[in-house]
Amino acid sequence: MSRRGVTSVTSRSTKVTSPLLTFLELFFDRLPSEAMSKKVAIVMGSGSDRPVMEKAGRMLEQFGIEHETRVLSAHKTPDQAIEFAENAAANGFGVIIAGAGKAAHLAGVMAAKSLLPVVGVPIAASLDGMDSLLATVQMPTGIPVATVAIDGAANAALLAVAILAVDDEALTAQLARYRKDLAEKTLAG
Ligand code: RP5
């Protein structure tokens, strides 16, 4: 389905009121569009990072965004990590989310070897995560990593959504609805 097609379905669906068409509106809003056909990579330094990084996958699923998860260590499997980053764009990814703890170099390695935007998640594996926060966020000028909070994998996914939404009106509408729901839940206490 073309991006133009999805946009027209979305704008058309805002005018309908019947239960069936409301259902179709919800359904079509969750269909992957052309821009959303870019996948999100979720990589992590160890299987022990899964409980945190799974939050990113769950958030992406809320938006219907395809994602793939890999365990790749900057230190224990550097060749495989580099190979993954080098081929990520060609393999259909639009954003890389990279989580690691301790001397957390994985996001930096992804950024060094890919031109895709890289979102870093510092994992609290030791020192309350302060070590991984600094290792992830303190990138030298020229090779940026957009670093979220310690264990902030859900926000990493939301940042990936925002990046993909720049070129995708349907996804932008989903993100706006997510924010509206969040505000309503917050006000409801
Ligand atoms: C990092 O060291 C991993 O990302 C993980 O957060 C931490 C501990 O790794 P394991 O000892 O559990 O493999 O490389």
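Helix 7 of this predicted model runs over residues 153-165.

Now look at what surrounds helix 7. Its buried residues are A153, A154, A156, A157, L158, A160, V161, L164 and A165.

Take helix 3, residues 50-62, in more detail. Its axis comes within 7 Å of the axis of helix 7, and the two cross at roughly 35°. The crossing is right-handed. Helix 3 brings V52, M53, K55, A56, M59 and L60 to the contact. Helix 7 brings A153, A154, A156, A157, L158 and A160. What kinds of residue meet here, nonpolar, polar or charged? Eleven are nonpolar, one is charged and none is polar. In soluble globular proteins, nonpolar side chains tend to be buried together.

The view widens to the core. The largest nonpolar core holds 49 residues. I97, L106 and A157 have the most contacts inside it. Which elements give two or more residues to this core? They are strand 1, strand 3 and strand 4, plus helix 3, helix 4 (78-87), helix 5 (106-113), helix 7 and helix 8. Helix 7 gives the most, with nine residues.

I97 shows how the pieces meet. Leaving out residues up to four places away in sequence, I97 touches V40, A41, I42, A56, V119, V121, A156, A157 and A160. A56 also takes part in the contact between helix 3 and helix 7, as do A156, A157 and A160.

Helix 6, residues 130-137, has its own buried set. S132, L133, A135 and T136 are buried there. These residues pack against strand 3, strand 4, helix 5 and strand 5 (146-147).

Finally, the whole chain. It has eight helices and five strands. Along the sequence they follow the pattern α-α-β-α-β-α-β-α-β-α-β-α-α. Of the 189 residues, 38% are buried. How much of the contact total with a separation of 6 or more comes from residues 24 or more positions apart? Such pairs account for 70% of those contacts.

Note on methods:
Residues numbered from 1 in each chain as written. Predicted model: local features only at pLDDT ≥ 70, side-chain atom pairs only at ≥ 80, totals over all residues. Axes fitted to C-alpha atoms, helices over the stretch in contact; angles between N-to-C directions. Helix = DSSP H or I, 4+ residues; strand = E, 2+ residues; numbered from the N terminus. Left-handed = near helix turned anticlockwise from the far one by under 90°. Contact = placed C-beta atoms within 7 Å. Nonpolar A, V, L, I, M, F, W, Y, C, P; charged D, E, K, R; others polar. Buried ≥ 20, exposed ≤ 12 C-beta atoms within 10 Å, placed from the backbone. Core = buried A, V, L, I, M, F, W, Y, C linked by C-beta atoms within 7 Å.
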